[in-house]
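Subject: Structure for you to look at

Hello,

Here is the structure I promised to hand over. Please open it first, then read my notes below.

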Number of protein chains: 2
Amino acid sequence: MKSSNLDRLIDPRSVAVIGATEKPGRIGRIVFEQMLRHDGPVYPVNIREKEVLGRKAFARIEDVPGTIDLAVIAVNAKAAVDLAESCAVRGVAHVIVVAGGFSESGPEGRILEERLKQIPLKYPTRILGPNTIGIFVPYNRIDTIFVEHGDRALAGGGGVAFISQSGSVGTESLGLASNTGFGMRAFVGLGNKCDLSETDFLEYFGEDRSTTCLAFYTESLNDGREFLEKAREIARRKPIVVLKAGRTPAGACAVASHTGRLAGSDRVVSGAFRQFGVQRVYDDEELCDAAKTLAILSPAKGNRIALLTPAGGYGVMGADHVALPKQRVPLLMASLCENTRGKIRAMAVPYAAVNNPVDLTASANDRLMAEVLQVILEDPGVDIVVCTAFFSPASITDRLVHEIARCAEQSPKPVIVFTQYGPFTDRYLRRFHRRGVVGFPSIGRAVRAARFLVERAQILKSLEMPDDAA
Amino acid sequence: MKSSNLDRLIDPRSVAVIGATEKPGRIGRIVFEQMLRHDGPVYPVNIREKEVLGRKAFARIEDVPGTIDLAVIAVNAKAAVDLAESCAVRGVAHVIVVAGGFSESGPEGRILEERLKQIPLKYPTRILGPNTIGIFVPYNRIDTIFVEHGDRALAGGGGVAFISQSGSVGTESLGLASNTGFGMRAFVGLGNKCDLSETDFLEYFGEDRSTTCLAFYTESLNDGREFLEKAREIARRKPIVVLKAGRTPAGACAVASHTGRLAGSDRVVSGAFRQFGVQRVYDDEELCDAAKTLAILSPAKGNRIALLTPAGGYGVMGADHVALPKQRVPLLMASLCENTRGKIRAMAVPYAAVNNPVDLTASANDRLMAEVLQVILEDPGVDIVVCTAFFSPASITDRLVHEIARCAEQSPKPVIVFTQYGPFTDRYLRRFHRRGVVGFPSIGRAVRAARFLVERAQILKSLEMPDDAA
């Protein structure tokens, strides 16, 4: 494998869009229009149009002046191969080939993809794709993604590097996640991986200081061993979460028809992931939840969970989720010490429950919630607190967001919020997110998030051991 | 148990609100104001206020003229007991006691609740509560629920009777469910169940023609055997879903401190549920999903699932969810017959996948999606179709909702939609809901919904057998 300095792909200065056009609805139009928000020079390349959206168009990539860091090729498969070669000859550092119709589409496409594959072998140019939805890097306004992908402002401003073999899975699940606040560093759609693969981006974002968690959706790894070796090294510094689809025989068959690749034995994959420090998830929702949690919160010191709630029912369901049998990462209900219980008893109404789960009842107010949260966080027998934040009781106000956030930022222990508020649920989740608090709209997802933090601590511990013992 | 004709509770004509007040934020204000939307007479009862929101107030329940079907008592626990007795003496048919501070709060509260319990033993009056969030019946605008509970318009207009021991769990999860369209017949918060319990409402909504599914959240059943016997009878006509929390020892402890009751052995509960035709779920989200699905869609003829998608990744994940091992209700990936595959091949682009999962690729348009859905529904080897509906591809428009709805309503086989569209996901789910199509924002939840329909068919089959063989 070539060395992967992908700086000029993820953070390019000059960009050319080949197939840029004014025709509405065309991919070349969408990509070019989006790229105009970028600070550096952006050149339209189109053999038929003289001008695109007020910018002088170039007939060929060879005509574009100066260095080109990135060329996005937004034309059909056949034309794209020749144009990619022109880019390589011209010295373009990185090429994104958007078109489908390659190896996923049958014998003819396979031949086209084989030709594309040869280019990076002959030139220093690296290719992302083909059949890729592109890249989206909020911090520098690089966005080649030509389908709706959620509110950009909500998705950005965080530490998750999200690398997805499937464009749809990536953009759709991120779009949904962004509704409740997510925090993305960069999104990469890998497509058919004729050149750049998971391992290249693992390496790149592993080095990137602002990336605090790497999340992958993959159906097949090109170079499993290399990926895992690299992952073990990076997992010492930051968490890596992988959704490996095609885990059942039925799913594996579907992988074959989707990508033309074999998915590999699922049990082998699971065992290897654990050994190499990779956290495995099984669903796009779980992938987003894990990434959001691990990007923000520290690994837990232990697996003892305390639940705080103003609604008894969620204490019960939460305890059920904590004590779920046969989990890869078992959790325990923390035993609160007498000192903690005494303090809560002194603050709460007489009929509050002062054992874990702590149920302050619907009479709780913002202040009491925060004070009790504080007391629970100080209990030496507690590793993580899952706090139910409700806004419907009369004595609870919007200030609860601030009160919880303040406790959470002052404590070394992770605090995870569960909140539901009918049509306003997402709005409150975004408010928590803006204050750096990780929150979810179901108690099950909140407790699952705690599991990721405990697993992360276990991984860090196992990776501290010498390599041959791990 | 007394006979449960709850018509005058669920569909009352005349209502009194005891503790009705103009003071903002008070429960008595919220309940009274909401009840004013009801068609029949609504009387404020308040010993201190002469008039409440323009209506003449009565000092005592005895002063209110005519028959009273329902009195909502919105004052503190101590006062509530005496007032409930006055209502019983006055001949009020049903009383809702809102206040907490009864058996859930300690020895004093237990004594109060014991006094409350005596009332329905001496008088024909039935009591809902205490410590209940009340009832919400969209079709007749009866709403005593004093906390935010989602958009009423979205939650109504359907066949789900939702009966919840915990008020918060009920209202919060319904509030969230209503964001994507739900379809509720009635909501009942049971509270401490000093009189009316799950079994009463099981019986009532079992008989109610417009109720198409019963959903329960419960932590402990007062009369398990009676509930189950009744359930078996009703399950022959309509589906019953139960979320029984407190399934783990930790959860059971939490139940004890929440309600002062014991939760019962979890394995015994599971076995009994299955035998008596009850579908068990484990999470508030799952409860809402199951109820929404079973209220609208018919039981499946078999367990063979076909997946249709314009995005390969979701085909893969969907197949994984279908083939998930160790499920209570196993599903199979349907084998499409050659005739079906030939027809799809003739319609789709050459690189589409014509085996199950059928992947039409991002080039699909509304028409093609509908035509292929139609062809798949006609395949004799398919029992249920899970259809991914995406709106981001350029050739797909909002009309897809209509196209899918038309196919779905013309087919005897269930169609379940999975859709995601970033910030617009809920909006599209509501559109599908308005057209009678059941949809979910994750492929995992969509496939899980198929499982409920297969389980429902299994239950109907097992209940057809003579009782002693069941």
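The count is five cavities of 30 Å³ or more. A cavity is a set of points on a 1 Å grid over the protein atoms alone where a 1.4 Å probe fits but cannot get out. The model is predicted: local features need pLDDT of at least 70, side-chain atom pairs count only at pLDDT 80 or more, and totals for chains, interfaces and linings use all residues. Residues are numbered from 1 along each chain as its sequence is written, chains are lettered from A in the order in which they are written, and side-chain values use heavy atoms, without hydrogens and water.

The largest cavity holds about 640 Å³, a volume being the space filled by probe spheres set on the points. Its lining has 40 residues, each with an atom within 4 Å of a point. Nearest its centre are Leu176(A), Pro441(A), Arg445(A), Pro441(B) and Arg445(B).

Now the two chains. Chain A can be laid on chain B by a turn of 180 degrees and a shift of 0.0 Å along the axis, with an RMSD of 0.1 Å. In chain A, the C-alpha of Asp426(A) is nearest the axis, 5.4 Å from it.

Last, the rings. There are 26 aromatic pairs over all chains (Phe, Tyr or Trp rings, the six-membered one for Trp, with centres within 6.5 Å; planes under 30 degrees apart are stacked, over 60 edge-to-face, the rest tilted). Phe390(B) and Phe418(B) pair edge-to-face, at 5.9 Å centre to centre and 70 degrees between the planes.

Best wishes

Key. On a 1 Å grid over the protein atoms alone, a cavity is a set of points where a 1.4 Å probe fits but cannot get out, and a pocket is an open set with protein on both sides within 12 Å along at least five of seven lines; lining residues have an atom within 4 Å of a point. Copies are superposed by least squares on the C-alpha atoms of residues with pLDDT of at least 70 in both.
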